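Here is a walk through a model with more than one part to look at. Take a moment with the picture, then read on.

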Amino acid sequence: MTVVERREIALVDLLDRLLAGGVVITGDVTLRIADVDLVRIDLNALISSVNRNVPSPFGD
Amino acid sequence: MTGLRYVYAVCRPFGAALQSQLAGVAGDPPRLLPHGDLVAVVSHVPQADFAEEALRAHLEDLDWLTATARAHQQVVDALTAVTTPLPLRLATVFRDDSGVRVMLEEREAAFRRTLDRLDGRVEWGVKVYVEADPAQQAEPERPAASAPAAPKPVSGRDYLRQRRRQTRANDDLWSRAEEFATGLHTRLSDRADGARLHAPQNPRLSGAAGRNVLNAAYLVARDASEEFVEMVDRTKDDAPGIRVELTGPWAAYSFAGEGEGEGS
């Protein structure tokens with residue numbers, strides 16, 4: 001069997017799934033993260049931090 | 001500890017113990033909240049961070065979002081080792097245990113259907129990149145600072161010739177990439193129990209080299225996964241200038257919605 005590389009999961013891959021996947025349930029705290037505007041993440045922050053190659057806060 | 005309840009996933013009851021050193025999104029280890037035939041995996045989170053206003057602000061904070069997303073994923077990943085979880089979207093929060101129970105009860109039928117559909121399956125992510133960035137190269141008169149400089153044309157005719165050559169090479173690469181991605185997606189979809197296309201990733205966000213032309217997720221039975229992975233691996237050297245990346249196995253995040261991933 002081919003060994004699957006287990007690199008650290010990229011944040012973008014994670015957000016594809018956690019913000020656009022998963023069961024959408026309106027909890028008691030109503031926040032429509034849904035497919036809307038991706039929570040208006042500060043894209044500038046995202047871009048600069050990716051470029052700076054910031055290590056994961058978990059260091060794994 | 002009081003506070004709100006953060007729900008990671010819904011599962012069928014499972015016998016195995018959850019990995020013990022899981023931190024949970026706010027440092028509170030996840031626990032199981034059984035109700036009827038289902039189990040919600042929850043942890044306590046402070047009202048100060050997860051009430052609506054606070055949550056909204058936090059979600060725009062990249063460090064907070066990153067930490068929360070990774071913690072959420074770690075719990076779901078641990079669940080994947082012992083059962084087939086139905087992952088919930090990031091930051092699904094309830095006031096208390098009884099709020100979670102009411103939710104489980106109201107949606108029981110749908111949860112069961114989805115859990116049945118996902119049972120014994122995982123998600124694999126496959127991305128295809130075009131290594132060179134044709135859009136950038138096709139505009140040599142305005143080269144990006146980072147683009148490697150083409151040899152300076154010495155005359156107008158030179159310039160045009162160079163330009164034409166580049167454009168043709170780029171068109172070629174593009175159509176080959178499109179053909180490659182479409183073919184790969186068709187072949188992989190045939191082998192999968194479901195397929196879903198995510199939006200191509202912005203290279204500035206992913207930090208990945210090249211342009212992302214396919215960003216797909218496939219729902220695959222665990223016992224067919226080895227074959228699936230080999231199939232992806234085999235394509236990796238097929239096409240010069242084109243790169244294939246595999247991620248996973250993931251919990252079936254991309255197939256958790258009702259009605260998604262059915263029909264194939």
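As for the bounds, domain 1 of chain B covers 4-118 and domain 2 covers 121-255; they come from an automatic or database domain assignment. The centres of the two domains, taken over C-alpha atoms, are 34 Å apart.

## What kind of model this is

This is a predicted model, in which local features need pLDDT of at least 70, side-chain atom pairs count only at pLDDT 80 or more, and totals for chains, interfaces and linings use all residues. Residues are numbered from 1 along each chain as its sequence is written, while chains are lettered from A and ligands numbered from 1 in the order in which they are written.

## The two chains at a glance

Chain A has two helices and zero strands, while chain B comes to nine helices and nine strands. Both kinds of element are DSSP runs numbered from the N terminus (helices are H or I, at least four residues; strands are E, at least two).

Of the 60 residues of chain A, 37% count as buried; for the 264 residues of chain B, the figure is 38%. A residue is buried if 20 or more other C-beta atoms lie within 10 Å of its own, exposed if 12 or fewer, and partly exposed in between, with C-beta atoms placed from the backbone. In chain B, take the contacts between residues at least 6 apart in sequence: 77% of them join residues at least 24 apart.

How many residues of strand E3 (residues 38-45) of chain B are buried? Eight of the eight are, so E3(B) is largely enclosed by the rest of the structure. On one side you'll find B:Leu38, B:Ala40, B:Val42 and B:His44, on the other B:Val39, B:Val41, B:Ser43 and B:Val45, and all are buried. In a regular strand the side chains alternate between the two faces of the sheet.

E3(B) also has antiparallel partners. Strand E1 (residues 4-11) of chain B is joined to E3(B) by seven bridges, with B:Leu4 opposite B:Val45. Strand E2 (residues 31-35) of chain B is joined to E3(B) by five bridges, and B:Leu33 has B:Ala40 as its bridge partner. Two strands count as paired if DSSP finds at least two bridges between them. The hairpin of E2(B) and E3(B) has two residues between the strands, and B:Gly36 takes a positive phi near 60° there.

## The open sheet of four strands

Another sheet of chain B is open, with four strands in the order E7-E8-E6-E9 and antiparallel pairing. Its edge strands, each pairing on one side only, are E7 (194-197) and E9 (242-250) of chain B. From one strand to the next, the twist averages 20°.

Strand E6 (residues 121-130) of chain B runs antiparallel to strand E8 (residues 211-221) of chain B, and 10 bridges join them. One bridge pair is B:Glu123 with B:Leu219 in E8(B). Helix H9 (residues 222-235) of chain B packs on the sheet, touching E6, E8 and E9 of chain B, and its direction makes about 155° with that of E8(B).

## Where chain A's helix sits

Helix H1 (residues 11-20) of chain A and H3(B) have axes that come within 10 Å and cross at roughly 70°. Axes are lines fitted to C-alpha atoms, for helices over the stretch in contact, and angles run from 0 to 180 degrees between N-to-C directions. H1(A) and H3(B) are therefore roughly perpendicular to each other (angles under 35 degrees count as roughly parallel, over 145 as roughly antiparallel, 65 to 115 as roughly perpendicular and the rest as oblique). At this crossing, A:Leu11, A:Leu14, A:Leu15 and A:Leu18 meet B:Thr66, B:Ala69, B:His72 and B:Gln73.

H1(A) is mostly covered, with 10 of its 10 residues buried. What covers them includes H3, E6, helix H8 (203-206) and E9 of chain B. Just after H1(A), A:Gly22 takes a positive phi of about 75°.

Key:
Contact = placed C-beta atoms within 7 Å.
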